[in-house]
Amino acid sequence: MIDLFSGLDAWVLVSLLLALAFVLTFEFINGFHDTANAVATVIYTKAMPPHLAVFFSGVFNFLGVLLGGVGVAYAIVHLLPVELLINVNTGHGLAMVFSLLAAAITWNLGTWYFGIPASSSHTLIGSILGVGLANALLNDIPLADGVNWQKAIDIGASLVFSPLAGFIVAGLVLVALKWWRPLSKMHKTPDQRRKLDDKKHPPFWNRLVLVISAMAVSFVHGSNDGQKGIGLIMLVLIGIVPSQFVLDLTSTTYQIERTRDATQHLSQFYQRNSSTLGEYLAMGKAEKGDLPSSSACNPKQTEPTIDALLDRLKGVSDYHALAPESRIEVRRYLLCLDDTARKVGKLPDLSAREKSDLEKLRKDLTTTTEYAPFWVILAVALALGIGTMVGWKRVVLTIGEKIGKQGMTYAQGMSAQITTACAIGLANVFSLPVSTTHILSSGVAGTMVANKSGLQGGTVRTILLAWVLTLPATVALSAALFWLASKALA
């Protein structure tokens, strides 16, 4: 890893280290919020001692990040328009990264200080949207093109509906448990268990389910939230050391051939659908010299872009053989082709079969651009784990005692945790970022309603207020910071 940064100017190295520190600080604070939720129930019910719970949660978070892939990471990254992503190796790119991270860290610290289970996912997404919109205003770009709105809508829908699903499903699971075993000791709170049975811990089987479901939540949390940090670090690395990170330099000959074959098949796809796409892509009309500039992608440049990419990759079996400038060009071509293919896939005239084929080609196109080195994954996993061990207490108290008017029963804890693990796991399958905080707290609230325990209005209002305000607050804060940074660089 060290050799990747050798030969850098001192100011570039300092900028790089500072940017990496910002990202890892965000992930560390993320541990206060979201990872703490993974152990909140198991600690509150005394199914595990706190020190063991946070240790094993860290281990399973690490495994989740390690095995989770990068689908969610690049779902977050691609909230930004491709014009910013192909031009991040500038001062503007650094201003973007520092602005969105400073906004996210500020909001996360503030909500953590008051013990509010606010969502790090909402915080990060709002910060990214803020810099995208500010960049559009500064460069006279239509706001409709300032961010990838289709991706934003998809992510927004997952963030809105996942807590509602958590509320309903967790409540239904609890109802099923009460119907199945209405007199079971799992329907007692830790205080009732201690006073009536003189026992400190839950019954064995309940304890086992609580522990397993808590570790499952930790695992899926790592594979979902950990990837957000991975995506941010890749933005930083590509922005500051582009020659080393614009492409995966460890790509095998097969992976490079797969990218080249996908490019050829994409050309064949467009030729096959020329009657439908000919006008949109200006097929047969674009000049060979028309290529994507350093700041824009145009569907009408698709044919010359494909030709240029195939020419660059001709005979290449190792990306190290490409000059640094050529690596940057290859990445620009790949991102532009993928962006155009995404837009083409939304056109109404294409058949479902053709759209499915296009999606497969997109995955092959990005196989050597959507990646993360192992050391990046390891650093994010460690930051999450350490954050868990430092900041979990405030959120545990809120989850366990301040949502409902009565303490949480073992059955409620199991219901909320099982629901949360399943919901996040399903989101991972579709590469959608979701909020562990909101799914778990909504699940607990759903079980409180199903148990007829009632909800504490003050806490619920505070959580809902944070949920509503997080996006506009972080959008405004990151946009303001990006505007100030851009003016300073001008």
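The model is predicted: local features need pLDDT of at least 70, side-chain atom pairs count only at pLDDT 80 or more, and totals for chains, interfaces and linings use all residues. Residues are numbered from 1 along each chain as its sequence is written, and side-chain values use heavy atoms, with hydrogens and water left out.

Start with helix α6, residues 120-138. Helices here are DSSP runs of H or I, at least four residues long, while strands are E runs of at least two, all numbered from the N terminus. The expected span of a helix is 1.5 Å times one less than its number of residues. For the 19 residues of α6 that gives 27 Å, and the end C-alpha atoms are 27 Å apart, so the two values agree. The setting of α6 is largely enclosed by the rest of the structure, because 16 of its 19 residues are buried. Buried means under 20% relative accessible area, exposed means over 50%, and partly exposed lies in between (1.4 Å probe, protein chains only). Just after α6, D140 takes a positive phi of about 55°.

Next comes helix α7, residues 149-180, which holds V173. V173 is partly exposed, at 25% relative accessibility. Leaving aside residues up to four places away in sequence, V173 touches S415 and T419. Contact here means heavy atoms within 4.5 Å. V173 and A450 are 277 residues apart in sequence, yet their C-alpha atoms are 9.3 Å apart in space.

Now the aromatic rings. A pair of rings is described by the distance of the centres and the angle of the planes. Rings of Phe, Tyr and Trp (its six-membered ring) pair if their centres lie within 6.5 Å; planes under 30 degrees apart count as stacked, over 60 as edge-to-face, and the rest as tilted. By this rule there are four aromatic pairs. One of them joins F22 and F98: the centres are 5.2 Å apart and the planes stand at 90°, so the pair is edge-to-face. F22 lies in helix α1 (residues 10-44) and F98 in helix α5 (residues 91-113), so the pair ties together parts that are 76 residues apart in sequence. F22 is partly exposed at 26%, and F98 is partly exposed at 21%. F55 and F56 also pair edge-to-face, at 5.2 Å centre to centre and 75° between the planes. F55 is partly exposed at 45%, as is F56 at 33%.

The whole structure has 11 salt bridges. A salt bridge needs a side-chain nitrogen of Lys or Arg within 4 Å of a carboxyl oxygen of Asp or Glu. In helix α8 (residues 190-197), R194 and D191 are three residues apart, so about one helical turn separates them. Their closest N and O atoms are 2.8 Å apart. D339 and R342 repeat this three-residue spacing in helix α14 (residues 324-345), with a bridge of 2.8 Å, N to O. D339 is buried, at 8% relative accessibility. In helix α15 (residues 352-365), E359 and R362 are again three residues apart, and they bridge at 3.2 Å, N to O. E359 is partly exposed at 37%, whereas R362 is buried at 17%. Salt bridges also link K188, R193 and D197 in a network.
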